[in-house]
Amino acid sequence: MYQSSSSSCQGIDLEHYGPIVKRIAYYLLAKLPASVQLDDLIQSGMVGLLEAAEKFDPDKGASFETYASIRIRGAMVDEMRRGDWTPRSVHKNAREVTQTIHQLSASLGRQPTDKEIAQAMSIELDDYYDMIKDAAVGQLASLEETFVDNDFTSDLHADQQHTPHDESNKAAFRKALIDAISDLPEKERLVIALYYDEELNLKEIGEVLGVSESRVSQIHSQATLRLRAKLESWGHR
């Protein structure tokens with residue numbers, strides 16, 4: 001465990017990077033349910049910091065701070081996934097919404113409206129909003145971690161060399177992701193930009209847009225499910 005200012009690994013002063021762990025923990029905490037404790041995030045982040053110090057290779061070009069930030073955040077997200085608080089029914093509903101959006105987008109040739117999605121699922125609009133609000137609880141990480149369950153994101157935390165094919169695949173995914181975001185309705189696109197690019201939390205985004213925090217959560221979840229539907233084929237590559 002992380003101990004004091006004298007703690008070091010491979011000549012790296014771990015105490016110096018402790019504030020990065022706290023910064024990442026507070027950033028993630030603002031996006032997580034109230035049941036998640038700050039101390040748990042910090043503890044798992046410290047483990048990630050130690051692993052980063054042990055495995056860091058300066059010859060690979062990245063700075064230690066960049067490398068450590070990835071490992072710290074990954075350790076926190078892994079810990080939250082191991083203690084997944086999201087009920088199975090929520091995952092099931094999220095998959096159903098994603099499939100419905102995918103089918104409607106294909107048949108309509110455009111992004112479906114909330115009302116069209118609810119009608120296709122044979123539920124009331126308010127019930128649909130409740131469903132996507134619940135789905136937001138399970139959204140922890142960055143866009144790539146959220147939308148793709150494959151090696152494209154996990155390899156950020158690995159130490160092996162990547163082949164040109166790996167790099168080409170990642171570049172193609174990033175382009176597909178950018179294209180999918182640009183196809184979102186304007187308000188959803190703005191929320192995604194403020195949330196991931198500007199790293200604002202839901203309350204801060206609500207203040208920018210002049211809407212409630214719960215409404216921002218709803219918009220964010222809707223945008224995420226649209227993107228899942230658009231990019232679901234990447235999960236099978």
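Helix 1 and helix 2 pack at an angle of about 135°, and their axes lie 9 Å apart. Axes here are lines fitted to C-alpha atoms, for helices over the stretch in contact, and angles run from 0 to 180 degrees between N-to-C directions. This is a predicted model, where local features need pLDDT of at least 70, side-chain atom pairs count only at pLDDT 80 or more, and totals for chains, interfaces and linings use all residues. Residues are numbered from 1 along each chain as its sequence is written, and side-chain values use heavy atoms, with hydrogens and water left out.

**Helix 1 meets helix 2**

- The two helices, helix 1 and helix 2, are therefore oblique to each other (under 35 degrees counts as roughly parallel, over 145 as roughly antiparallel, 65 to 115 as roughly perpendicular and the rest as oblique).
- On the helix 1 side, the residues in contact include Leu14, Tyr17 and Val21, and on the helix 2 side they include Leu38, Ile42 and Leu49 (contact means heavy atoms within 4.5 Å).
- Sorted by class, this contact of helix 1 with helix 2 has 14 nonpolar, 2 polar and 1 charged residues (Ala, Val, Leu, Ile, Met, Phe, Trp, Tyr, Cys and Pro count as nonpolar, Asp, Glu, Lys and Arg as charged, and the others, Gly among them, as polar).

**The cores**

- The largest nonpolar core has 25 residues, and Leu49, Phe64, Ile72 and Met76 have the most contacts inside it (a core is a set of buried Ala, Val, Leu, Ile, Met, Phe, Trp, Tyr and Cys residues joined through side-chain atoms within 4.5 Å).
- Helix 1 (14-29), helix 2 (38-55) and helix 3 (64-82) each give two or more residues to this core (helices are DSSP runs of H or I, at least four residues, numbered from the N terminus).
- Helix 1 gives the most, with 8 residues.
- Looking beyond four places away in sequence, Ile72 touches Ile20, Val21, Ile24, Gly45, Gly48 and Leu49.
- There's also a second, separate core of 17 residues, which includes Val191, Tyr195, Ile205 and Leu227.

**Helix 10 meets helix 12**

- Helix 10 (residues 186-197) and helix 12 (residues 213-231) pack at about 100°, with axes 9 Å apart.
- That makes helix 10 roughly perpendicular to helix 12.

**Asparagine 93**

- Asparagine 93 sits in helix 4 (residues 88-108).
- With a relative accessible area of 24%, asparagine 93 is partly exposed (buried means under 20%, exposed over 50%, partly exposed in between, with a 1.4 Å probe and protein chains only).
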